[in-house]
Amino acid sequence: MTQLHSLINGATRTPHLAARPAATVLAEYRPDGGGDLRGAACVGVDTEVFYPDPDKIGAGWAERRAKMICAGCPVKSLCLADAMERREPHGVFGGLTANERANLRRRTARAQARVNAGGAG
């Protein structure tokens, strides 16, 4: 076995260990007692960006802008889960609008009902 082959095999044998972030990094992305998500991409961004006025011209662009900020956020799923749990009625959270979150909630409830009824998901 060549040295290069050995290096490649050694590097691919446990890729999950190299790709897994350290536990201290994961703890940094937990919500604190006040509900803030440290490490969020929206920190320092004007909150009005995430509450676009649907009656204003350019509301579609404003919504897309908020979603673009959410797209690369390391705590996006935690933010979405928090908004879903609180049934947040307005704004963009975790990359989804209030209507998109309501649709997700309905789809999830229907899928859960099928599972509870013994049907395939």
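Which helix holds Ile69? Ile69 has its place in helix H4, which spans residues 59–71.

**View 1. Overview of the predicted chain.** This is a predicted model, in which local features need pLDDT of at least 70 and side-chain atom pairs count only at pLDDT 80 or more, whereas totals for chains, interfaces and linings use all residues. Residues are numbered from 1 along each chain as its sequence is written, and side-chain values use heavy atoms, with hydrogens and water left out. The protein chain has six helices and zero strands, where helices (H or I, at least four residues) and strands (E, at least two) are DSSP runs numbered from the N terminus. Of the 121 residues of the protein chain, 19% count as buried (buried is under 20% relative accessible area, exposed over 50%, and partly exposed in between, with a 1.4 Å probe and protein chains only). Among contacts with a separation of 6 or more, 37% join residues 24 or more positions apart, a contact being heavy atoms within 4.5 Å.

**View 2. Confidence along the chain.** The mean pLDDT of the protein chain is 76, and 68% of its residues reach 70 or more; pLDDT is the predictor's confidence in each residue, from 0 to 100. Over residues 1–31 the pLDDT is below 50, and this stretch has 15 contacts in the model beyond near neighbours in sequence. Where pLDDT is low, the predicted coordinates should not be read in detail.

**View 3. Surroundings of Ile69 and the nonpolar cores.** Apart from neighbours within four places in sequence, Ile69 is in contact with Ala41, Cys42, Val45, Val49 and Phe50. The C-alpha atoms of Ile69 and Gly95 are 8.1 Å apart, although 26 residues separate the pair in sequence. The largest nonpolar core has seven residues, namely Leu37, Ala40, Cys73, Val75, Cys79, Ala83 and Phe93 (a nonpolar core is a set of buried Ala, Val, Leu, Ile, Met, Phe, Trp, Tyr and Cys residues joined through side-chain atoms within 4.5 Å). A second, separate core of six residues includes Phe50, Ala66, Ile69 and Val92.

**View 4. Packing of helix H5 with helix H6.** The axes of H5 (residues 76–86) and H6 (residues 98–116) come within 11 Å and cross at roughly 80 degrees, axes being lines fitted to C-alpha atoms, for helices over the stretch in contact, with angles running from 0 to 180 degrees between N-to-C directions. H5 is therefore roughly perpendicular to H6 (65 to 115 degrees; under 35 counts as roughly parallel, over 145 as roughly antiparallel and the rest as oblique). Leu80, Ala83 and Met84 of H5 make the contact with Arg101, Leu104 and Arg105 of H6. These residues divide into four nonpolar, no polar and two charged, where Ala, Val, Leu, Ile, Met, Phe, Trp, Tyr, Cys and Pro count as nonpolar, Asp, Glu, Lys and Arg as charged, and the others, Gly among them, as polar.

**View 5. The loop between H5 and H6, and the residue Ala98.** Arg87 lies in the loop between H5 and H6 and is exposed, with a relative accessible area of 56%; phi of Arg87 is near 55 degrees, a positive value in a residue other than glycine. Thr97 is also found in the loop between H5 and H6, but Thr97 is buried, with a relative accessible area of 12%. Leaving aside neighbours within four places in sequence, Thr97 is in contact with Glu63, Lys67, Gly91 and Val92. Ala98 lies in helix H6, and its C-alpha atom is separated by 9.3 Å from that of Met84, 14 residues apart along the chain.
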